Amino acid sequence: MGAILRGIGVHVPENILTNADLERMVETSDEWIKTRTGIQERHILPKDSPLKASDLGASAALAALKKAGVTPEQVGGIIACAVVPDKQFPATACLIQEKIGAKNAFAFDITAACAGFVYGVNLAAQMIDSGQCEHVLVIGAEALSRAVDWTDRNTCILFGDAGAAAVISKGPADRGVMRSILRSDGAHADILFLDNVGNEKANMRMDGKQVFKLAVSEVSKVVLDVLALEGWKTSDLDLLVMHQANVRILNAIAEKLELPEDKVMVNVNRYGNTSSASIPLALYEAEQAGRLKPGMRIALAAVGGGMSWGCNLLRW
């Protein structure tokens, strides 16, 4: 059997923080931000909002289930990714399970930061292939603004909040997730991290140059490696959907893979870096725009703190 992405749902906060807004908060400019990141605006939870990561994830999950025609009771498993979870424990996935009424699902979180969705898709596909589940929810639930240092212009310009979810279901063997490769290297743990969980002063820290270097080299390599295992070439890809971290990273990877602009999904300009929610959010927008057709060959690729990275190949 195969594991297909049967439905995608998103929840993005209505509140928009533009580059012009950031100019009034920190020493930066619209031109500086766009030149270095490609980001023009990002959606942010208001400071007084009671919403948390699990709320964004639950709303996205319900939208994905409705699109897939699957009831919460039919869900066998929930895999959630949250850089800034509601609580250290229990798992954000458990909180989402309760909020959506998926009473028959097991639920757990994975910690792979921005690579979380790619890791989750791999796990969900294996669960379905083994016969353990018929439907698995993979959710990126990200309230990143709650861990941003708004005085650090190197990081505060990057991140946005979003929830995005995919229902992965049993399907025909010639569709869905065809193959995945996951990789990590803890030697680079100090170039991107969120320290001191539970400390109100804890903020994300990043060595942008080192992240850029590793992302471009390793994501390009893992895409090529997984394509080779499947017997595909880069020219066989119809669309590459990468973690939306920074437009310079996206462009550099596309250049190394010799992929034209129309084969690379980009929406980081409007949402910023939404960590594990970024790939399903980009997939959702690609589908809405008619860029995903049955039979298309799709690659999902991401890199995140750990450092961790990976790639899923899909037949849509």
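This is a predicted model: local features need pLDDT of at least 70, side-chain atom pairs count only at pLDDT 80 or more; totals for chains, interfaces and linings use all residues.
Me: Hi! Which strands make up the open sheet, and in what order?
Reply: Hello! The open sheet has 4 strands, in the order E8-E13-E12-E11, and their pairing is mixed.

Me: Which strands stand at the edges?
Reply: Those are E8 (176-184) and E11 (239-242). Each has a single partner strand, so one side of each has no neighbour in the sheet.

Me: What does the twist average from one strand to the next?
Reply: The average is 15 degrees from strand to strand.

Me: How do E12 and E13 pair?
Reply: Strand E12, residues 297-304, and strand E13, residues 308-315, run antiparallel and are paired over 8 bridges. To pick out one spot, Val303 has Trp309 in E13 as its bridge partner.

Me: And what holds paired strands together in general?
Reply: Strands of a sheet pair through backbone hydrogen bonds, in either a parallel or an antiparallel way.

Me: Nice. Which strands does helix H6 lie across?
Reply: Helix H6 (residues 208-230) lies across E8, E12 and E13, and it runs at about 140 degrees to E8.

Me: What about H9, where does that one lie?
Reply: Helix H9, residues 278-288, lies across E11 and E12. Its direction is at about 145 degrees to E11.

Me: Changing topic: how many salt bridges does a search of the whole structure find?
Reply: The search turns up 11 salt bridges. One of them involves helix H9, through Glu287.

Me: Oh, which residue does Glu287 form a salt bridge with?
Reply: With Lys67, and the closest N and O atoms are 3.1 Å apart. This pair links distant parts of the chain: Glu287 sits in helix H9 and Lys67 in helix H3 (residues 53-68), 220 residues apart.

Me: Are those two buried or exposed, or in between?
Reply: Glu287 counts as partly exposed at 24% relative accessibility. Lys67 is partly exposed too, at 44%.

Me: Where do Asp30 and Lys34 lie?
Reply: Both are in helix H2 (residues 30-37), 4 residues apart, which is about one turn of the helix. Asp30 is partly exposed at 26% relative accessibility, and Lys34 is partly exposed at 34%.

Me: What about Asp149 and Arg205, how do their side chains meet?
Reply: They meet in a salt bridge with an N to O distance of 3.4 Å. Asp149 is in the loop between strands E6 (135-142) and E7 (162-171), while Arg205 is in strand E10 (residues 204-206), so the pair ties together parts that are 56 residues apart in sequence.

Me: Why does Asp149 count as buried?
Reply: Because its relative accessibility is 16%, and the cut-off for buried is under 20%. Arg205, with a relative accessible area of 32%, is partly exposed.

Me: Which residues are joined with them in one network?
Reply: Asp152 is in there: salt bridges with shared partners join Asp149, Asp152 and Arg205.

Me: Last one: where does Glu255 lie, and is it buried or exposed?
Reply: Glu255 lies in helix H7, residues 247-256. With 65% relative accessibility, Glu255 counts as exposed.

Me: How far apart are Glu255 and Ala91?
Reply: In space they are 38 Å apart, C-alpha to C-alpha, and in sequence they are 164 residues apart.

Methods:
Residues are numbered from 1 along each chain as its sequence is written. Side-chain values use heavy atoms; hydrogens and water are left out. Two strands pair if DSSP finds at least two bridges between them. Helices (H or I, at least four residues) and strands (E, at least two) are DSSP runs, numbered from the N terminus. Axes are lines fitted to C-alpha atoms, for helices over the stretch in contact, and angles run from 0 to 180 degrees between N-to-C directions. Contact means heavy atoms within 4.5 Å. A salt bridge is a side-chain nitrogen of Lys or Arg within 4 Å of a carboxyl oxygen of Asp or Glu. Buried means under 20% relative accessible area, exposed over 50%, partly exposed in between (1.4 Å probe, protein chains only).
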